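Please find below my note on this structure, arranged as numbered points. It may be read with the sequence and the model side by side.

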Amino acid sequence: MTLSARRIPVAGPSITGREIDYVTDAVTNAWYGNANVYHRRFEERFADYVGRQHAIALPSCTSALHLSLLALGIGPGDEVVIPDSTWIASAAPIAYVGATPVFADVDPDTWCISVSAFERAVTPRTRAAIVVDLYGGMPDMSALEDVAARLGIPVIEDAAEAIGSVYHGRRAGSFGVASTFSFHGSKTLTTGEGGMLVTDDDRFRARCEFLRDHGRTPGDTTFRSREIAYKYKMSSMQAALGLAQLERIDELVAKKRAIFAWYRDHIQSSPLGARRLVTLNAEPAGVTNSYWMVTAIVSPEVGKTKQELIAELGERGIDTRPFFDPLSSLDAYCDLPAARAAAEQNAVAYGLAPRAINLPSALSLTEDDVTIVCTELASVLGVS
Ligand SMILES: Cc1ncc(COP(=O)(O)O)c(C=O)c1O
């Protein structure tokens, strides 16, 4: 067994002198009349990058999803369709506005929402769908857009994990009425904590800007709020960090893709590949996957659960994470009627989750780290 001197991390950022310089400048100078300079630069550049008209910097992706649902006027009695395989942050804002999630199954290749499951999940009460670009993969967006347009359902794209992915020439973050991003410390582009909401719709943007600042229009100096709303703002220091990261986005995405290619090549040329024991993230024709998390689905013939794999790799100094259990299986949801129905229907989400893990994908990884992970993975799978 090869033990590396340090643990091999599952996720983490790349920080250079540029980030440190920008944050230092923000903390020194972004006050008084300059308080919003970094926000403006980060938002404008971000909107340009994803191909949207407007970007609003926020404290998290969760708050971006919350504002999106509020701006669509969604509330009690409404249903929102959501893929069953995602982080709870995609779904929790549905409860914040008093609406009900409906958990659709995912596609066996992309692990993102299945178009036919989406269509089946729609009822007369459906008011929106949140589709998720899971681990950097993209759902079949053109088919989803067609179905959503035919049924008159607004789509929100949760692109938290997918900055830099491209679907047939359109970047992740350019689909639906609005898209949302996370800049949590684990993400490809980080501001420590943070998020962004992007949209092309002027009224949607205005509503979100109003709701994110205690029911005031931007620039208000009267402090006379017109509605009870929220305080969802990013700090200048975070915006400065985000701008520096955005200026390096091509490099950051290229590193993610390089990490994936190291795994793919190593696994393909090893007995793991020959025996087809491991399936990695898909990249369908026309899609560029930014591979936020390299993810391994392990063949059932291995006979080990993801918890066993995570524990055994952990003993060897390798940090991994479980593929998301279906939302409908979580204590938070499992008693809802929609969750009970999903547990019976969502065979793909329930089939993938017990045997899939996220492999180390941190931006600090070297090819040697990936070689160690592949060697140890082969060993725990009994193929060394
Ligand atoms: C798919 C998905 N949606 C939403 C979020 C929420 O992001 P944040 O932590 O910035 O609120 C995350 C973050 O991990 C995520 O992975």
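1. A polar contact is a pair of N or O atoms within 3.5 Å. With that cut-off in mind, consider Lys187: one of its polar side-chain atoms is 2.6 Å from an oxygen atom of the ligand. The model under review is a predicted one.

2. In Glu161 a polar side-chain atom is found 2.5 Å from an oxygen atom of the ligand. Cys61 takes part through its backbone instead, where a polar atom is 2.9 Å from a ligand oxygen. The ligand exposes 390 Å² when taken alone, and the protein buries 90% of this area.

3. The surroundings of the ligand comprise 14 residues, and the closest are Thr62, Asp158, Glu161, Ser182 and Lys187. By residue class, the shell consists of five nonpolar, six polar and three charged residues.

4. Val27, Trp31 and Tyr32 make a nonpolar patch of about 410 Å². Of these residues, Val27 belongs to helix 1, which covers residues 17-29. Val27 has a relative accessible area of 43% and is therefore classed as partly exposed.

5. Is Ile82 buried or exposed? Ile82 has a relative accessible area of 0%, so it counts as buried, the limit for that class being under 20%. This residue is part of strand 2, formed by residues 79-83. Ile82 and Ala362 are 280 residues apart along the chain, and their C-alpha atoms are separated by 27 Å.

Conventions
Residues numbered from 1 in each chain as written. Predicted model: local features only at pLDDT ≥ 70, side-chain atom pairs only at ≥ 80, totals over all residues. Heavy atoms only, no water. Near = heavy atom within 4 Å. Polar contact = N/O pair within 3.5 Å; in protein donor to acceptor, adjacent residues only side chain to side chain. Areas by Shrake-Rupley, 256 points an atom, 1.4 Å probe, with all protein chains shown as cover. Nonpolar A, V, L, I, M, F, W, Y, C, P; charged D, E, K, R; others polar. Patch = residues over 30% accessible without salt bridge, like charges linked within 9 Å, V, L, I, M, F, W, Y side chains within 5 Å. Salt bridge = Lys/Arg side-chain N within 4 Å of Asp/Glu carboxyl O. Helix = DSSP H or I, 4+ residues; strand = E, 2+ residues; numbered from the N terminus. Buried < 20%, exposed > 50% of the residue type's maximum accessible area, 1.4 Å probe, protein only.
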